[in-house]
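Please keep the viewer open as you go through the points.

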Amino acid sequence: MNKNRIIFFIFLAIFLIFSSCIDNNKNTLLELRYGFTTEPTTLDPLNPRNTADGRSILFNVFEGLVKPNTDGTLSPCIGESWVIEQDGLIYDFIIRENVLFHDGTIVTVQDVKFSLDTAIAAGLNGLGNIDEVIIKSDNEIRIILKTKDPGFLPFLTIAIVKSENTDRENNIIGTGPYFIESYTPQIDLVLKKFNDYWQKGLPHLEKITIVFFANSDTMIVALRGGSIDGASITGSMAAQLNKNDFDIFDNSSAGIHLMALNNTASPFNDIRVRQAVNYGIDVQEIIDAAFFGHGTPSGSPVIPGLSVYYYSILEYSYNPDLARSLLSQAGYNNSNRLSFEIAVPSNYAMHIDTAQVIKSQLERIDINVNIKLVDWSTWLSEVYSAKNYQATIITLDSHTVSPRGFLARYRSDSSGNFINFFNTDYDSVYDAALSHTDHVTRINLYKEAQQIILRNAASVYLQDILYFTALRGGKFGGVLDYPIYIIDFASIHSTREK
């Protein structure tokens, strides 16, 4: 072999290696590895047991008749257009043509009717007012309500599923920009780009690998070490990251951070105790200590982001003297100190940090607090489902861009009323807000409903948590912020792609 041929093969080998590195780097940038500290309780979007993190994943896999925008408005989705008749009694939809499920079959009006009927039977929030779903033609469907509800549209973000799919938990078929390629519990869930997605140009990334971690500490270690590219984090976690290595985007959690009180369990079956605890907690101190100053006290069961409906007057400001007076009225003093337990999900560092600050604050007014850490499955079964607790720290979100997504759980007969709040005045005002056709009156009724909850000190309402999306620096962009808790992976893109 002559010298020129040897040189040629050397340069060819170098070129192939270099090309391979470029291709591998390109492929890496088309995948996002994203950290989660909780797993979906179900992959069936019509199962009411799912959690906020689970719904945020399924948002990328399933779609409804309408879809939320970042400003709180709604856009056509599987429903291409609609008409609202008789002041909100009838909703007529034209179904978008040639939308494909992930198995390649076309979405039909039968699928839409099946999805809505199944969601109604499952008791999903906001759908109990549906009287009947009627197929009008091959591409038209009519939803008839029991009572007029001009604010019903946000609840039609509910997922459209394939009517012939008898195993939605394991055979996951949606219409969204991604499909679930694999799911290995406690390890990862892989979302793969759906190439036949009806909305052209989306999604940008080929693959999203959601990696599950036991807690926030291990997730931050993985983020700093490079085994994942991004995660949703709190202010205290953001402070642990080198700003030169990460792009950090502000997001509202679109959920109410609260200390939920079991209104039928001692000692919180006494309104004076509930009010005392509210006056004994300094929310700004919690934000400063546990969230590095990122956040604003909310004081309401509705997020400030729904500004039209939000009751912004703080019912309780920090007043330890008034708290002590109320405790005395309830029969508690230094020789008979109030004691209670806060059950805290152990996989959420922000809830643990919040509980520790609250414990310190309440000790100043002679209340003994015990913090009990429980795993997420135990929290769901014992606290949320069995209602076997005194107090807990949690964030409650809404499935929809509507105040009733936050307020429905307080109705006496609501399946989500794990706080055990029972008030007939509230039920009447809330029901009136649902059906009133005058928009201004409806706003005032929603604010009145919040006042009733606050006057009765149903729980301690802290803040709409400001959280952050951290992504590997200079690699990704396109993070969107919604008024409900959503991670829109379809909008995220590689900066190289752009």
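1. Let's start at Tyr-34, whose bridge partner in β11 is Gly-230. That bridge belongs to the pairing of strand β1 (residues 31–36) with β11, which is parallel and comprises 2 bridges. Two strands are said to pair if DSSP finds at least two bridges between them. Strands here are DSSP runs (E, at least two residues) and helices are runs of H or I of at least four residues, both numbered from the N terminus.

2. A word on the source: this is a predicted model, in which local features need pLDDT of at least 70 and side-chain atom pairs count only at pLDDT 80 or more, while totals for chains, interfaces and linings use all residues. Residues are numbered from 1 along each chain as its sequence is written, and side-chain values use heavy atoms, with hydrogens and water left out.

3. Gly-230 also has a bridge partner in β16, namely Leu-471. Here β11 pairs with strand β16 (residues 459–472) in the antiparallel sense, over 4 bridges.

4. Are the two faces of β11 covered or open? Both are covered in this strand (residues 230–233): Gly-230 and Ser-232 are buried on one side, and Ala-231 and Ile-233 on the other. Buried means under 20% relative accessible area, with a 1.4 Å probe and protein chains only. In a regular strand, side chains alternate between the two faces of the sheet.

5. Next, please look at the open sheet of 4 strands, ordered β4-β5-β7-β6 with antiparallel pairing. Its edge strands, β4 (79–85) and β6 (130–137), each pair on one side only. From one strand to the next, the twist averages 20°. β6 and strand β7 (residues 140–145) run antiparallel and are joined by 6 bridges; Ser-137 stands opposite Glu-140 in β7.

6. Helix α3 (residues 109–122) packs on this sheet and touches β5 (90–95), β6 and β7, its direction making about 175° with that of β6. Angles run from 0 to 180 degrees between N-to-C directions, and axes are lines fitted to C-alpha atoms, for helices over the stretch in contact.

7. Finally, helix α7 (residues 283–290) packs against helix α9 (residues 349–363) at about 135°, with axes 9 Å apart. Contact (heavy atoms within 4.5 Å) is made by residues including Ile-286 and Ala-289 of α7 and Val-357 and Ile-358 of α9.

Key
Buried means under 20% relative accessible area, exposed over 50%, partly exposed in between (1.4 Å probe, protein chains only).
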